[in-house]
Amino acid sequence: MMSDGILSQEEIDALLRGEQITSPVAPELDDMAKDALGEIGNICMGSAATTLSILLGKRVSITTPRVSVSTLNEIKRQYPLPYLVIEVFYSHGILGTNLLAIRKQDALIIADLMMGGDGSNPPAELNDLYMSAVSEAMNQMMGSTATSMSTVFKKKIDISPPQVNVFDFSTEGNISAMAAGNEPIVSVSFRMEVEGLIDSEIMQIIPINVAKEMVESLMAAVQPSGTTAPVPPKVAAPTAQSVTAPARETNLAQAQQAAAVPKTHQPLSNVTVQPVQFAPLKPSAPVAGDTNISLIMDVPLQVTVELGRTRKLIREILELGPGSVVELDKLAGEPVDILVNGKLIAKGEVVVIDENFGVRITDIVSPLERANNLQ
């Protein structure tokens, strides 16, 4: 790739062989597309940060993304370090592959936190157990990004289980089959901080065709139905701002603003203006609350009786076996919870009826308590 008028070694070798150099930057995205990709990344990584914060029990913050067009070879030259690379394939809604690259040292800290450590003294290498822990964290993060993209694009986005590998960018050859080393790709960089333990950079690497499909999906989502999307104007790049999880809430309006197109106003002439007339207001008849309740009488609901709950670390889950006892948060003899579609509505006691278990309702949860449980 030629940068600032300087030929790369690959281009020099091609000239010596008498080959014609084709610039990989030909399909570079315009500023509008980069801004749209930045907002998509901002929303998705905000959701991923919230998920990671919950998993680690630490505050996670992510800055506004920086979008650029580069190549895998150029990225490897800029970051000659060991990286944990998560490869995700979009299987529905968007088709294609993208990568999430996080430094190996940061991955070790994340794995240590998930295994019950404090992150201050992580292991030197990712053994199978730690690799499983960090892979689960990355799986949860990428799943949350797919959910966020479904919301932004207003269509279902599915991904296959992510593939997690460790690559040393200073020595490895091709880190992915999604693009050749000198083919143009989109790099979206974020600064990630984890409460005094991590202050580093993570990267999302997207092929050009997948990036363009994301932009088109965003434009289609914010464009009113039945209209043809006009050519969008260039929009100034977003200013840096902090995104904090889990309290961070992403504003979808940012994506809509990035894709908004100003309407063209035409001067009006020979227009007759009529005074507006309103119909007289009449009191409407009260609507009975249960008039149409019979319409939903046959809707099935899931009723669950819950003995209790507990939280355990991954290490403790892996140690479970036949004969293990899991201690719950309920005292012996305490009423069990009765949930309908996951919402607590009553309490009761377990009984045996004709050799089958049952539950006798002893108390109906008040509306105020139900409202508190929803918060």
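Helix α2 is followed by Gly57, a residue whose phi is positive, near 70 degrees. Of the 26 residues of α2, 23 are buried, so the helix is largely enclosed by the rest of the structure.

**The chain as a whole**

The structure is a predicted model. The chain has 375 residues, and 38% of them count as buried. Its secondary structure comes to 9 helices and 13 strands. Among contacts with a separation of 6 or more, 65% are accounted for by residues 24 or more positions apart.

The average pLDDT of the chain is 77, and 71% of the residues score at least 70. Over residues 21-27 the pLDDT is below 50, and this stretch has 10 contacts in the model beyond near neighbours in sequence. Residues 285-290 also have pLDDT under 50, and for them the model has 0 contacts beyond four places in sequence. Where pLDDT is low, the predicted coordinates should not be read in detail.

**Helix α4 and its contact with α5**

Helix α4 covers residues 104-114. How many of its 11 residues are buried? The count is 10 of the 11, so α4 is largely enclosed by the rest of the structure. The buried residues include the charged residues Lys104, Asp106 and Asp112. Also buried in α4 are Ala107, Leu108, Ile109, Ile110, Ala111, Leu113 and Met114. Just after the helix, Gly116 takes a positive phi of about 100 degrees.

Two packed helices are described by the angle between their axes and the distance between the axes. Helix α4 packs against helix α5 (residues 128-153) at an angle of about 95 degrees, with the axes 8 Å apart. This angle makes α4 roughly perpendicular to α5. On the α4 side, the contact is made by Ala107, Ile110, Ala111, Asp112 and Met114. On the α5 side, Tyr130, Ala133, Val134, Ala137 and Met138 take part. By class, the contact of α4 with α5 has 9 nonpolar, no polar and 1 charged residues.

An α-helix has 3.6 residues a turn, so residues three or four places apart point the same way. In the α5 side of this contact, Tyr130, Ala133, Val134, Ala137 and Met138 can be read with that spacing in mind.

**Helix α5 and its contact with α6**

Helix α5 also meets helix α6 (residues 208-222). What is the crossing angle of their axes? The axes cross at roughly 45 degrees and come within 8 Å. That makes α5 oblique to α6. Met149, Val152 and Phe153 of α5 make the contact with Met214, Ser217, Leu218 and Ala221 of α6. These residues divide into 6 nonpolar, 1 polar and no charged.

| Helix pair | Angle between axes | Distance between axes |
|---|---|---|
| α4 and α5 | about 95 degrees | 8 Å |
| α5 and α6 | roughly 45 degrees | within 8 Å |

**Two buried residues**

Lys76 lies in helix α3 (residues 72-78). Is Lys76 buried or exposed? Its relative accessible area is 13%, and a residue under 20% counts as buried, so Lys76 is buried. Leaving aside neighbours within four places in sequence, Lys76 is in contact with Phe169, Glu172, Gly173, Asn174 and Ile175.

Ser189 has its place in strand β7 (residues 184-194). With a relative accessible area of 6%, Ser189 is buried. Beyond its neighbours within four places in sequence, Ser189 is in contact with Thr64, Pro65, Arg66, Glu201, Ile202 and Met203. Thr64 and Ser189 are 125 residues apart along the chain, and their C-alpha atoms are separated by 8.7 Å.

**Two loop residues with positive phi**

Glu195 is found in the loop between β7 and β8 (198-207). Although Glu195 is not a glycine, it has a positive phi of about 30 degrees. At 39% relative accessibility, Glu195 counts as partly exposed.

Asn341 has its place in the loop between β11 (336-340) and β12 (343-353). Asn341 is not a glycine either, but has a positive phi of about 50 degrees. Its relative accessibility is 46%, so Asn341 counts as partly exposed.

Methods
Residues are numbered from 1 along each chain as its sequence is written. This is a predicted model: local features need pLDDT of at least 70, side-chain atom pairs count only at pLDDT 80 or more; totals for chains, interfaces and linings use all residues. Side-chain values use heavy atoms; hydrogens and water are left out. Buried means under 20% relative accessible area, exposed over 50%, partly exposed in between (1.4 Å probe, protein chains only). Helices (H or I, at least four residues) and strands (E, at least two) are DSSP runs, numbered from the N terminus. Axes are lines fitted to C-alpha atoms, for helices over the stretch in contact, and angles run from 0 to 180 degrees between N-to-C directions. Angles under 35 degrees count as roughly parallel, over 145 as roughly antiparallel, 65 to 115 as roughly perpendicular and the rest as oblique. Contact means heavy atoms within 4.5 Å. pLDDT is the predictor's confidence in each residue, from 0 to 100.
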